[in-house]
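Here is a short walk through one protein model.

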Amino acid sequence: MIINLDLFFLSSCYYSLPRVTTDYPHKNFMILSLITSIVLSETIFSFAEHQMHENFMHKKVLPRRFYQKPYIILQEIFEGHAVRHHGVWYRDFDFEANPEGKNDNIKFRLVDILIVLTCLLPIACLFFSFSLLAGVTFIVMLLIHAFLWNTMHSQMHLPQPVFFADWSIFRWLAVHHYMHHQFTNKNYNIVVPLADYILGTKIEPRRKDLRELLRLGYLKPKSPKTEIRLQKIRNKIAAQREAILVG
Ligand SMILES: [Zn+2]
Ligand SMILES: [Zn+2]
Ligand SMILES: [Zn+2]
């Protein structure tokens, strides 16, 4: 009721005249344009994430001079991700002993988000030209997307006992990214793998990946016996890692 009164108040302000009817056609329009903005911006981010991950984080598609002096940031992005995150650190998907490597390129920094925002500025303007609501939704969704990218990528490589660790959607996305670490030209998406499906870069786990995916807890074993065996393996590995960190 309170919400309805608020809407009534807002709509009255909007039209600058009091309304006595209980249905507000523009309220439905607002909800529809909000949902459309969310779906549309997420779709765009899925493709943007895919293309940026492929072309800037794994490949150097621009002419040589863009990886030198004034643009050195592009070289840094490539080295930080393709060379270090994939090639040097995280030989084990969920463990990195080197304190420097542990947090290297696990999260987008503010500067990375600003670069992404700059690239997407024309699209942001398009949303703003449609309506303020659409424009603001686009920006807010971009921040949510970056937040989810960071939160999930850290949880995948540095597992913590967080509330979503066992959610099937998270485990499914973790399998998706695990396979990206096996094939760096596949599964570029982290948050919404739509673009991987549409652009044909989706890869499913192979037989030989199943064991490790079971150990990571992303796949669930069929029998309780296997779960007990997995727990033993996990304990053993945890002890080995403890020894590496101490020694
Ligand atoms: Zn997103
Ligand atoms: Zn990764
Ligand atoms: Zn990558």
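This is a predicted model: local features need pLDDT of at least 70, side-chain atom pairs count only at pLDDT 80 or more; totals for chains, interfaces and linings use all residues.

The paragraphs below go from the whole chain to single residues.

The protein has 11 helices and zero strands. Read from one end of the sequence to the other, the pattern is α-α-α-α-α-α-α-α-α-α-α.

Now consider how the chain packs. The protein counts 247 residues, and 39% of them are buried. Take the contacts with a sequence separation of 6 or more: 56% of these link residues 24 or more positions apart. The accessible surface comes to about 15,300 Å². Carbon and sulfur atoms account for 67% of that surface.

Next, the record. An unreviewed UniProt entry lists residues 29–48 and 136–152 under "transmembrane region". How does the model build these two spans? Residues 29–48 are 100% helix and 0% strand. The C-alpha atoms at the ends of this span are 28 Å apart. Residues 136–152 are also 100% helix and 0% strand. Here the end C-alpha atoms lie 24 Å apart.

Stay with helix 7, which covers residues 132–157. Asn 150 belongs to this helix. Is Asn 150 buried or exposed? Its relative accessibility is 13%. The cut-off for buried is under 20%, so Asn 150 counts as buried. What does Asn 150 touch beyond its neighbours within four places in sequence? Its contacts there are Lys 107 and Phe 108.

Now turn to the metal. Which residues hold the zinc ion (ligand 2)? Its coordinating residues are His 85, His 153, His 157, His 177 and His 181. Along the chain, the donors follow the spacing H-x67-H-x3-H-x19-H-x3-H. There is another zinc ion, ligand 3, and 5.9 Å separate it from the zinc ion (ligand 2).

His 177 and His 181 sit in helix 8, which spans residues 168–182. They are four residues apart in that helix, so about one helical turn separates them. How accessible are they? His 177 has a relative accessible area of 0%, so it is buried. His 181 has 17%. That value is under the 20% cut-off, so His 181 is buried too.

Notes:
Residues are numbered from 1 along each chain as its sequence is written. Chains are lettered from A and ligands numbered from 1 in the order in which they are written. Side-chain values use heavy atoms; hydrogens and water are left out. Helices (H or I, at least four residues) and strands (E, at least two) are DSSP runs, numbered from the N terminus. Buried means under 20% relative accessible area, exposed over 50%, partly exposed in between (1.4 Å probe, protein chains only). Contact means heavy atoms within 4.5 Å. UniProt positions are given in the numbering used here, feature names are shortened, and annotations may be inferred rather than shown by experiment. Donors are N, O and S atoms within 2.8 Å of the metal (3.2 Å for Na, K and Ca); water is not among the atoms, so sites may look incomplete. Accessible areas come from the Shrake-Rupley method with a 1.4 Å probe; for residues, only the protein chains shown count as cover.
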